[in-house]
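The points are grouped by topic.

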Amino acid sequence: MGLSQKQQYDVTLNFSRVAKPGNPSIGIKGFEDPSKATVPASNPGGSGSTSDEPSAVGNYQQLGAVPYTFEIGQYEITAKQYVTFLNAVDPDGSNEQLPWTGITLYDNRFSPVENPYQGQIIQLKHAKDGQHYALADENWADKPMMWANMFQYLYFVNALSNGKVVAEKSNKAKSPEGFNVKLSTKYVRFSDDILTGAYNLNDYNYAYAQRQNTSGFVLPSENEWTKAAYYASSKTNNGTPYYYYPTSSNQAPEPLTSAYWASSNSQPSSGVNVNNKGEVVNKKLSKSTINSKGYANYDSRVFWAPTDTSIDASSNGKANVTNVGGAATPSPWLTYDQGGNLVEYTDTVTAAIQAPDSENKENVPVYFKVHGGIANATEYQLWITATGTSNPYGQVLGSMYQYGGARVGFIPGDNKQTKKRSAEASSLADPLTGQRVVTRIDSGTTYDTFYTTDTAEAIDTLKDDQGYIFLAASFRGLKANNKNAVDVYSLFHTPTQTHYYTTSSAERDQLISSGNYSGGDLGFRALAPSAGSTDFVRYFNSSTGAYGFSAAAGDEQFFTSRGYAIDGVAWSI
C-alpha cells in the first residue's frame, strides 16, 4: 500500500470561536468618551436587540448583538499572507486591472521604493511564475498588511472562500473572563477565482459587499467585530457586559513604545518595549499592566525602520506597526490588536458621508464601518464608541490609505469540517524576501534606465531633478556562488547623465579612463548576454552617446523612435 500524500496549503489562519449567541447589543453614542452616560448599563429603548444589523434608538447606536456563533481571526491579515495571496492568484505577475472595481491587487504604494518607510511588498517584473511578489524586508513578515483597501481584502476573502481548507487543528484556551474559548488553525489553499465567492465583485449593479454565502470565510460585520473585541458576556465594572476597550479592560491600554520615541521625548529607556525591528520585546511588558489595562500600539510611540531606510524627520507622523499579537493583550475572545496597529474594515454598509478631508473620487454610493484605531491615533480610536466609516477604495481621512487593515471572519456551516490535522506547505506558503532585487528607475528627461540593488540609492534617485519615475523592481540578481553568474558593472556617463552597464571589466576600465564615465562598481550579478531566457537589450543613440537598457518589448519602439538603435544584448536572466 502506497504512502498517502499530504495536501498542500498556501496560508495558515488562526481563529477564535465567539460563542454565546443571542447576546444583547450595547447602546453607544458615537465617538464620545465612553462613560455611564455614553455607554449606559440600561440599554436605551430597552430593545436588547440581537439583530446582526446596527440600529439606532434615540441618540444611541446599537452594537454587538450577534444571533449565531461565528469565528474571527485572532490576528490581522499579515504582509506575508498577502504576498502569498498575490503569488497564488496572479502567478505571472500581470497585475491586471480588475473589472468593476477598477483596482489592481498590487499597488506601487506597497513598494519600499515608492513608500520607503512602510512599503512591504516588491513586485518583480521578471521572475518565475509564483515568484513575482516578495516581502520587501523579512521584518515585514508578521506585521499587518498596510496600505491595502477594502476591495483588495475582499478579493483575499474570495480566494479563501473558493479555495479549500485542507487541514484544521483545534484546541481550547482560557479567556481573561475565565471561560474557555475554542481556537482553530485552518490550513487553506487559495483559489485564483476571486471575482465572486463570499462577495460578488464582478457586477457593477450589485449591492456592495453583501454576503453571498451563509457559511465560510467572510470579512467580519460591525457587530461581529464589536462582539469579539468588547463583549465580556458578564457584567464588567462599568455595569455593562461590554468593555470600553478591546483589551479586556475599562481603562485605556498602555501605549507600546520604541527607543526612537523615548529618546525624542526624553523618556527613560526602561519604558522601551519595541525593538528596532518592530518586534514587541515580551520580557519588557509588565504582567500587572497586561492583567489590568494591557498594551496596544497607538499614540505615535512606535517608530522603526526597515533595512536600508533610516528614521528621520520625514518619518514623523508615520508611527509604524508591530508584529501581530505582539502587545500580548487579548480581548475577551482571545483576539489581538483590535485596538491599535491598524483600523480594520468590516462589511457593514453605512452612508457615503463626505467629510472635509475625505475623498470619494469614485463616487461610491456607500461607505463601510471601520474600527480599531491606528498606530498614530490617540486613545479615542480605541473606544467602543469609535464607529468610523471609510470609502472602500481607502481615503485620506483617518489615514486609511496608510493604516487600512482587516482580519478574516468565518461562519461555521452545517457541513462537516475537515478531519485532517496535518498538511504540507506549498511553494507559495513562505514567500521570498527582497534580497538581491534589482530595481529599475527611469528618467523622463534624459531617458536614463537606472538599475540598482540599493533601495536607499533608488529612493534618493527619485528625488533627483531629472524626472525619475519608479517603474517596478525588475528582477532578482544571482547569488555570488552561482557558477553561471557574471558581474555586471554600473557606470555613469556624465555628458548625457545616463547609466551604462557592462559585463567586461576591461571595458569598464577603458571607459573610466576616457574621462566621460564614473563609477564602475559592481551593480548586480546576472547571466552572460543571451545565456538566459530573458535578454536585456542595449540601445544606443549615436547622436548623443547615451545608452538605454530594457527587456521590455514595448521599449524597442520607445527608444528607436527617439533616435536609438539596438546595439546587442547587455546581460540576461
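**Overall form**

The model is a predicted one, and its C-alpha atoms fill a box of roughly 85 × 70 × 50 Å when the box is taken along the principal axes.

**Composition and burial**

- The secondary structure of the protein comprises 9 helices and 28 strands.
- Of the 573 residues in the protein, 54% are buried, where buried stands for a relative accessible area under 20%.
- When contacts between residues at least 6 apart in sequence are considered, 71% of them join residues that are at least 24 apart.

**Packing of helices H1 and H2**

- Helix H1, which spans residues 79–89, packs against helix H2, which spans residues 150–161, at an angle of about 70 degrees, and the axes of the two helices lie 11 Å apart.
- Because angles from 65 to 115 degrees count as roughly perpendicular, H1 is described as roughly perpendicular to H2.
- The crossing that H1 and H2 form is left-handed.
- On the H1 side the contact is made by Gln81, Tyr82, Phe85 and Val89, while H2 contributes Gln152, Tyr155, Phe156 and Ala159.
- Sorted by class, the residues in the contact of H1 with H2 comprise 6 nonpolar and 2 polar ones, with no charged residues.

Terms used: Residues numbered from 1 in each chain as written. Predicted model: local features only at pLDDT ≥ 70, side-chain atom pairs only at ≥ 80, totals over all residues. Heavy atoms only, no water. Axes fitted to C-alpha atoms, helices over the stretch in contact; angles between N-to-C directions. Helix = DSSP H or I, 4+ residues; strand = E, 2+ residues; numbered from the N terminus. Parallel < 35°, antiparallel > 145°, perpendicular 65-115°, else oblique. Left-handed = near helix turned anticlockwise from the far one by under 90°. Contact = heavy atoms within 4.5 Å. Nonpolar A, V, L, I, M, F, W, Y, C, P; charged D, E, K, R; others polar. Buried < 20%, exposed > 50% of the residue type's maximum accessible area, 1.4 Å probe, protein only.
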